[in-house]
Amino acid sequence: MTKRWQIVKLGLVLGLTGSLLLGACGAKQPTSTTVTRTDYLKHKVKVPKHPKRIVASYLEDDLVALGIKPVVQWSVKNGSGTQAYLKKQLKGVPLIDYSLPYEAVTKAKPDLILMGTSSAVANGKYAQYNKIAPTYVVKNGTTVTWRQTFLDVAKVVNRQAKAKKVLAKYDKQVQTTRQALKKSGQHKVAVLWVTNNTAYMVNDNSASGALLYQDLQLGEPSLVKQVSKSATADWSAVSLEKLAKLDADDIFLVNSQKSASLFKDPLWKNIKAVKNNHLYQYGDSSSWQYSGPIAYSQMIDMVKTDLLK
């Protein structure tokens, strides 16, 4: 009986051991919740695969288009200036100053920080932000298109599939609008922004300029080409004397100062598009000063409304 019991006991032990081994093999192994990405400045950043609390000042358009609401939103002058065209999508999102103070960023408790410009992390700032949360600098600069920035944002937040759908929808909107504009006749257009009694003209390779002249293939006036050649920013100041010779059929005006004295100047009134009543005005709450899939889509709708009457 003793020997028999020993054999039974050994069988039980072996059976239990086998079961444990099979269970271990069948159990799901733990997976990493982070992934390493290399940002625009060659930092290797270990970012969450599915970030929940993102600080991405001035990249809100890209995030919202991807179905993500950031934990804070860009603002200037103590909140007097925001990206008002995103007001509905960013309802309830607290403001943060555009300079991104370390204390304010820390208070937001981010699990990922996205930086839209390389200058924002210069002079040792990157190390400071990276102590708060993984910090990733997206593609940026004068030679980088809004699409490249958008796709880079999508990659780091793991929403590449969504980004493709967003761009496909946008491209369809562009194609349809471009065809309709061509049927209505050739339009030479310009975008101006008036603030502090000064007129600024958009660069033909950025912001609304890229949309009008590249995507929609509208006519580019000679003055726009001239100003764009020497432009160092999205918007360049232009004198009234030069504007008086602007050969645009239509002008989209971002009017941030309705009482500006330049509007009463004979030179302004003598501009071709102004004289022909082809001046379409928008305020600071519009998307004309911004870029991104939502801003551009809204601008296309405005162009259709104004030029396809």
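Visitor: Which residue in E12 stands opposite Trp-193?
Guide: In this predicted model, E9 (residues 189-195) and E12 (residues 250-255) run parallel and are joined by 6 bridges. In E12, the residue opposite Trp-193 is Val-254.

Visitor: How many bridges join E9 to E10?
Guide: Strand E10 covers residues 198-202 and runs antiparallel to E9. One of the facing pairs is Val-194 with Ala-199 in E10. The number of bridges that join E9 to E10 is 4.

Visitor: Which residue takes a positive phi in the hairpin of E9 and E10?
Guide: The hairpin has 2 residues between the strands. A positive phi near 55° is found there at Asn-196.

Visitor: What is the bridge partner of Val-194 in E12?
Guide: Val-194 stands opposite Ala-199 in E10. Its strand, E9, is also joined to E12, in the parallel sense. The bridge partner of Val-194 in E12 is Asn-255.

Visitor: Which are the edge strands of the open sheet of 5 strands?
Guide: The order of this sheet is E11-E10-E9-E12-E13, with mixed pairing. Each edge strand pairs on one side only. These edge strands are E11 (235-238) and E13 (279-282).

Visitor: What angle does the direction of helix H8 make with that of E10?
Guide: Within the sheet of order E11-E10-E9-E12-E13, the twist averages 30° from one strand to the next. Helix H8 (residues 222-229) packs on this sheet and touches E9, E10 and E11. The direction of H8 makes an angle with that of E10 of about 90°.

Visitor: Which residues point the other way from Asp-250, Phe-252 and Val-254 in E12?
Guide: In a regular strand, side chains alternate between the two faces of the sheet. E12 is mostly covered, with 6 of its 6 residues buried, and E9 is mostly covered too, with 6 of its 7 residues buried. From E12, Asp-250, Phe-252 and Val-254 point one way, and the residues pointing the other way are Ile-251, Leu-253 and Asn-255.

Visitor: What is the bridge partner of Ile-251 in E13?
Guide: E12 and E13 run parallel and are joined by 4 bridges. In E13, the partner of Ile-251 is Leu-279.

Visitor: How are H6 and H7 oriented to each other?
Guide: Two packed helices are described by the angle between their axes and the distance between the axes. The axes of H6 and H7 (residues 207-215) come within 11 Å and cross at roughly 60°. Tyr-170, Val-174 and Arg-178 in H6 meet Leu-211, Gln-214 and Asp-215 in H7, and the residues of this contact divide into 3 nonpolar, 1 polar and 2 charged. At that crossing angle, H6 and H7 are therefore oblique.

Visitor: Is Thr-177 buried or exposed?
Guide: Thr-177 lies in helix H6. Leaving aside neighbours within four places in sequence, Thr-177 is in contact with Leu-216, Ile-300 and Lys-304. Its relative accessibility is 1%, and residues under 20% count as buried, so Thr-177 is buried.

Visitor: Is Ala-161 buried or exposed?
Guide: Ala-161 is found in helix H6 (residues 160-184). The C-alpha atoms of Ala-161 and Leu-66 are separated by 9.4 Å, although these residues are 95 residues apart along the chain. The relative accessible area of Ala-161 is 55%, and the cut-off for exposed is over 50%, so Ala-161 is exposed.

Conventions. Residues are numbered from 1 along each chain as its sequence is written. This is a predicted model: local features need pLDDT of at least 70, side-chain atom pairs count only at pLDDT 80 or more; totals for chains, interfaces and linings use all residues. Side-chain values use heavy atoms; hydrogens and water are left out. Buried means under 20% relative accessible area, exposed over 50%, partly exposed in between (1.4 Å probe, protein chains only). Contact means heavy atoms within 4.5 Å. Axes are lines fitted to C-alpha atoms, for helices over the stretch in contact, and angles run from 0 to 180 degrees between N-to-C directions. Angles under 35 degrees count as roughly parallel, over 145 as roughly antiparallel, 65 to 115 as roughly perpendicular and the rest as oblique. Ala, Val, Leu, Ile, Met, Phe, Trp, Tyr, Cys and Pro count as nonpolar, Asp, Glu, Lys and Arg as charged, and the others, Gly among them, as polar. Two strands pair if DSSP finds at least two bridges between them.
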